[in-house]
Amino acid sequence: MKITQPPAYEYHVGGSLPVDAPSYIKRQADQDLYEGLIAKDYCYVLNSRQMGKSSLWIQTMKRLQSENIACAAIDLTKIGSHIVTQEQWYAGIIRILMSSFALSQKLNLRSWLLERDRLSPVQRLSEFIEEILLAEITQEIVIFVDEIDSVLSLKFSNDDFFALIRYCYNARVVNPVYKRLTFCLLGVATPSDLIKDKKRTPFNIGRAIELKGFKLHEAFPLTEGLPRKLSNPEIILQEILNWTGGQPFLTQKLCKLIQGYDKRLNVQDLVQSHIIKSWESQDEPEHLKTIRDRILRNEQRAGRLLGLYQQILQSGEVTTDKSSEQIELRLSGLVVEEQGKLRVYNRIYESVFNQSWVENRLADLRPYAEAITAWLISKRTDESRLLRGQALQDAQAWALGKNLSDEDHHFLNAGQALENREYQNALKLHTFRFKKGKASSLPELIAMCDQYPDEAQDYLYNNDITQWLLGQGRTDLGNLSRKIINSYTQKNRKGLEIFVRELCKSVGSPPNPIVFVQPDKLDLGEIPVGYQTNINFEVFTKGRGFVWGDVKLEGYLPGISLLPEINSNNLREFSISLDTLAVTQGNYEGYIVFQLEGISQICRTFLKYTVRNIYIQLEPEQINFGNLTFVEKNIHFLQRALKITCISRFGKVEGRIKGNIYNFPKEIEISPDSFEDKEVDLTIKLVPTFIQAGKYEDKITLTTNIGQFEVSVKFKKGIQWVTIIQNIIRFAIILGILMYVIRSILNFWIQVDNVWFLSYTKNGITIVSDINFAEKCILNINKEQAINNINLFSVLTGFVLAIFTPLINPYYRKIIKNYIQNLDFRLVLFTLLCLGFLIYTVAGGFGKDFFSSITFVALFIIDLIAYSFTLISVKQPAWGWSLLGVLIGGILGIFQALKTTNQYSFIPKITFVGFITIITLAVAGYLATNFIKDTCYFISNN
């Protein structure tokens, strides 16, 4: 019957016990750990879960602190493992240390870390320990690091962390301050798990603290919490320990279950009903599930662990060998080591994880569970239960990469051995059948392979021959065939030949043929530069098989090119090429060497030749395009031919054009620009269109494989004086007549005949609108009438321009091209455009007085230039204008002639001369004019 009153004594099931919990049981490990840390030994407590590790360090830390030792505890599970970064993880450790040792007020952690962002995270932790922790804390320091197995799931390597702890230990030798620092590591791991990098020194420091289950005398305080009505609490405690083996979690749990029951309690019934029966649903807090999951968590190792545990169940115990499987099984908590033996930890574990449970788990893992069970029941004698064929291959594929139990390995190996025996027995009677023959012995197989290589390749690369050789007991040849298959996967025919050679050696027959190369000596004598030919060699073999290998040159044989390999199975004729195109003259000799694979015989052919220079003939030696002055208009380029001929019969020249053509880089073309033949025809084109007048002479340089050759190029282009004179006369006459007509019309229209448009007053040269014509000027008409006449003249001139302006368009010019000289027409339009359009604009309604004044200024400037001709007794203004028109027309004629003959280099010079001439005439006109103040605008010729 259950007791309803809550007990005063509290048992703790799962988790760490409070530091003052009465149910905490002191064990030998408490004293061992305390003494080790007092002695400043690095300690580690590595054991299975729920063995009281956390409670142990809590109690130990309390004892150390009472002796003025500064302590800190780092629970690594609080920092995280799955999503935390390396920087966050190390920063979390530093923050825990700062909090534990009350350093937060002395150091701004964020700023301190930022100042060291170039350091690695482990370097920051190391610097914190040395420069901050050991400097600020002057006492002895003990740091407990719990749950160290959580670092195994970090995404980054944890080796640096434990290497740093080892460094702190080793640093005691060189830096005594580290003697005040001691670490204690606790968790479910092995020392080899702490530093996994095999290239680094393993974690091999410190004292291991063995944490065992409760002994009866140690666990006696637990009786205080048992019901007082129990007359024999010591016997009840002994029964509890008989079931739990002193395992702390189970002992506390069973005590707590008993605490609520009366004296008629049966411990065995309680264990069966509340722990073992339907244990997966009653396992709260989880304990048995934790053990199960740790064993089965890794499918590759689960089979091996289950097999080892099954062996312990069946035998009762096994001798410890410190293997990784035994260590892993111990860390699960399922077994315990005592006196060099491994046994199941307690009766509860043995009842829960019994033989039936193991077989079921193995059946879940093994695809061949039924077969191996029957085979084991027969005490491994029933070969009918062994796997063969596809079933064996499937089982071997499943076992690949898994750490299986010894029984699994024995079962699979036995199946493979049985299959090999059966196959070899069948192969002993096997005969290889070929197209026209068969082979059941090595000599017969050699003969068939030589006669029918395609069929032999199939037998070899399908492993048929390999298995047959193994069945015949020729393991050496069987292993060799496997090696050849792996090495010659892409070269089946060569692999077969190598294999047959080894078969021949095994039966004492010649393995490979003797090789002959014809000719074995060749002297080509004297040959010219540019000589080209092919030389054929025949490869003969005597004996079975074929040969292949590399072909190389020995000695200096320039101009020789050859295939790098030879294969007598595909081609018995070998060809090399000789081309002395880029070879300098001299004597050459050497060897063509055939290095055959798998054959010690070396075949060589001697080759000798002498290269002599050739001579070339250039026709012509000089290219003269003559005088380009009288080139017809429809000829766009001049062409000459240059022929290069080799004197040698077999000569061949290769080169390209290379010359220095400074004056006409775009006017000369040479094709082709590279050549290779014994006779070469080059075409040289000269485009004379844009060439300036002058005498030209340059050289074309031909760079060839036998040297450089130069061909001079000459031509001359003179000035076409006839064209220039024709243009001068035409432009001078037309512009002179036009200027005379314009000045005459102005004389008549404005009625200022024989008077120059030159004025000077007391205010200097002014515009017309400022002058009173009626008072100051000798005019036949008044000022207003003069201006009206000028405007009317402008309107008429504009009308003429309006008619003839469309003729500027190229479309209209094409229509009248056959009737009017293009150049003369443009001259007329230019003259009318300069004078008439200005006058037309003046009369267009924008302000008559202002624009009329501009017209008078233009007339004044022309008059001033033309007035200079009075120095040669030209008194009439119209004749002065005419002579000015002749002069300007002559200059324009020269421009047009130079443009027509493409003599553009002279245009700037003529422009400068024309400009100076006009300026000179203007200055002369100004000096010849007798300006008198307060006189009329118009100066008479009288």
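**Surface patch, helix pair and backbone**

Modeller: A nonpolar surface patch is formed by Phe912, Val913, Phe915, Ile916, Ile919, Val923, Tyr926 and Leu927, with about 830 Å² of accessible area together. Patch residues have over 30% relative accessible area and no salt bridge, with like charges joined within 9 Å and nonpolar side chains (Val, Leu, Ile, Met, Phe, Trp, Tyr) within 5 Å. Areas come from the Shrake-Rupley method with a 1.4 Å probe, and for residues only the protein chains shown count as cover. A salt bridge is a side-chain nitrogen of Lys or Arg within 4 Å of a carboxyl oxygen of Asp or Glu.
Modeller: This is a predicted model, where local features need pLDDT of at least 70 and side-chain atom pairs pLDDT 80 or more, while totals for chains, interfaces and linings use all residues. Residues are numbered from 1 along each chain as its sequence is written, and side-chain values use heavy atoms, without hydrogens and water.

Biologist: Where does Tyr926 lie?
Modeller: Tyr926 lies in helix 34, residues 907-928. Helices (H or I, at least four residues) and strands (E, at least two) are DSSP runs, numbered from the N terminus.

Biologist: Now the backbone: which peptide bond at Pro519 is cis?
Modeller: The one from Gln518 to Pro519, with omega near -5°. Pro519 sits in the loop between strand 11 (514-518) and strand 12 (521-528).

Biologist: And what is omega between Glu619 and Pro620?
Modeller: Omega is about -10° for that cis bond. Pro620 is in the loop between strand 20 (616-619) and strand 21 (622-627).
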